[in-house]
Amino acid sequence: LGARGQAEAYFRKAIALTKKEEDPTKHLSIRKAYVGLGRILLASGRKEESEKMFQKARELEKEEQLEGQRRMAKMNEREAATERKEAGPYLPEGDRENSVAAISEGKARGANESGKDSVSVPGGNPPDNPGAKAEAYLRTVLGSSLNDLATAEALQAKYQQAVVHYREAESWDKEIPGVQRNLGLALFYAGRPAEAVPLLARAVSEEPEDEHARAALGLAYFDMKEFAKCAQTISAISGRAMESPQLGLAWAAALTETGNKKEARALLEKLEIARFDLSGSERIQFGRLWLKLGETGRAEKTFREVLQMNEASAEARLGLGAALLQLGRPAEAVEALKPALAASSENWEAHYELGQAYLKLGNLDEAIGQLREAAALQPEAISVHSELEAAYRRAGRVDEAEKERTLSEALKKAGTKADSAPKNKPN
């Protein structure tokens, strides 16, 4: 805390000193002080003041770019004037090998390579180009400025903006340390996992101990349903995963999806023992995983805990209804599911689960009604049409049952990507 306080004091002093300058372009590098102070303020909870610092940094960054462009324009003018004074004409790159200068340079190189004294040739090796050096320097400055701006935006969770500025930074200077890794992180947090994966995979390959990049890569694989890669990636940071509900649950879910149910079950038990302060949505994920693993009693317990926290949770009611159906308690399932439909009549999963519950209770009219609603809302869900076919057959409505069977077969052949069953339904 002492070091942070000292840093804050130095940043403020530097900013105060430059404010006295009449020329606003003289100290454009003070932008870094604004960024540094903004980070300190944000970390200490002074969000409003930090935003002012970041905004000033953005303004200076734009001014620095303009100043760089002005300087480059002046250098180009000077170079053009110098070239007009010199005798040598401009030759396209493809013609250089046929030019007198190129032949002379070749003779000079041959002389040097054979151990003879070099020959001084008019129009031969040109001196170092100061304009090129200056341009390279300016590219470095502009790249660094944009990289700092993107980092400041990422710290404020402005990930889409950070993505834009990291890419601009890289376009100016591809040698900025860690820019691709940071771009990968920004893309992941911006909800663009497919773009993030190649960058994060490269970062982890180059720096295997980078746990932050590895964690983001594992979660990006999970979002893309690359479950085997997800499990493999997260397993390398198992300690971190045991301290993070998001990572731990993704790992357990990936193991479940890849058929490693024994490992998934053991992992979930360890995560439960860790007693995280879980959110309602994380508890629902726990419940769904217990359902998929066939641990129906644990699933019921978990969903009931969520409903104690939030009685109106439709997701928890769906999970509880599915668990009760598996436990052979359809009447209780109906009572658990009805409030979910009251909250939203367009919840196709609630209609589906209720249809199953009524089917098990022998109430065919209600079952058919609920399943038809589910089919209307989710016409590509194969499981809904299969259950509706079963309900029609039990009701003696053979023609309608055949239509549902034909539709199910057509969807299977088409390889529909729609969920064939609600997410609470076990494998």
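Reader: How many helices and how many strands does the protein have?
Author: The model is predicted, so local features require pLDDT of at least 70 and side-chain atom pairs count only at pLDDT 80 or more, whereas totals for chains, interfaces and linings use all residues. Residues are numbered from 1 along each chain as its sequence is written, and side-chain values use heavy atoms, with hydrogens and water left out. Helices (H or I, at least four residues) and strands (E, at least two) are DSSP runs numbered from the N terminus. On that basis, the count is 21 helices and zero strands.

Reader: What percentage of the residues in the protein is buried?
Author: A residue is buried under 20% relative accessible area, exposed over 50% and partly exposed in between, with a 1.4 Å probe and protein chains only. Of the 427 residues in the protein, the buried share is 42%.

Reader: What share of the accessible surface belongs to carbon and sulfur atoms?
Author: Accessible areas come from the Shrake-Rupley method with a 1.4 Å probe, and for residues only the protein chains shown count as cover. The accessible surface of the protein comes to about 24000 Å². The share belonging to carbon and sulfur atoms is 50%.

Reader: Which residues touch the most other members of the largest nonpolar core?
Author: A nonpolar core is a set of buried Ala, Val, Leu, Ile, Met, Phe, Trp, Tyr and Cys residues joined through side-chain atoms within 4.5 Å. The largest such core holds 86 residues, and helix H12 (residues 245-257) supplies its largest share, eight residues. The members that touch the most others are Leu200 and Leu268.

Reader: Which residues does leucine 268 touch, not counting those up to four places away in sequence?
Author: Contact means heavy atoms within 4.5 Å. With residues up to four places away in sequence not counted, leucine 268 touches Leu249, Ala252, Phe286, Leu289, Trp290 and Leu293.

Reader: With which residues is threonine 256 in contact, leaving aside its neighbours within four places in sequence?
Author: Threonine 256 lies in helix H12 and is buried, with a relative accessible area of 2%. Beyond its neighbours within four places in sequence, its contacts are Lys261, Ala264, Leu289, Lys292 and Leu293.

Reader: How far apart are the end C-alpha atoms of helix H18?
Author: The expected span of a helix is 1.5 Å times one less than its number of residues. For the 14 residues of H18 (residues 348-361), that rule gives 20 Å. The model agrees, because the end C-alpha atoms are separated by 20 Å.

Reader: Against which helices do the buried residues of H18 pack?
Author: In H18, 12 of the 14 residues are buried, so this helix is largely enclosed by the rest of the structure. Among the buried residues are Trp348, His351, Tyr352 and Gln356. The packing partners are helix H16 (314-326), helix H17 (330-343), helix H19 (364-377) and helix H20 (382-394).

Reader: Which residue with a positive phi follows H18?
Author: The phi of this residue is near 85°. The residue that follows H18 is glycine 362.

Reader: What is the angle between the planes of phenylalanine 222 and phenylalanine 227?
Author: Rings of Phe, Tyr and Trp (its six-membered ring) pair if their centres lie within 6.5 Å; planes under 30 degrees apart count as stacked, over 60 as edge-to-face and the rest as tilted. A search of the whole structure finds four aromatic pairs. Phenylalanine 222 is partly exposed at 25% relative accessibility, whereas phenylalanine 227 is buried at 17%. Their pair is edge-to-face, with 5.5 Å centre to centre and an angle of 70°.

Reader: What geometry does the pair of tryptophan 348 and tyrosine 352 have?
Author: These two residues are four apart in helix H18 and are therefore separated by about one helical turn. Tryptophan 348 and tyrosine 352 are both buried. Their ring centres lie 6.5 Å apart and their planes stand at 55°, so the pair is tilted.

Reader: Over the ring of which residue does the charged end of arginine 298 sit?
Author: A charge sits over a ring if NZ of Lys or CZ of Arg is within 6 Å of the ring centre and within 35 degrees of the ring normal. The charged end of arginine 298 is 4.5 Å from the centre of the ring of tryptophan 290.

Reader: What distance separates the C-alpha atoms of asparagine 147 and glutamate 170?
Author: Asparagine 147 is found in helix H5 (residues 130-155) and is buried, with a relative accessible area of 11%. Although asparagine 147 and glutamate 170 are 23 residues apart along the chain, their C-alpha atoms are separated by 8.1 Å.
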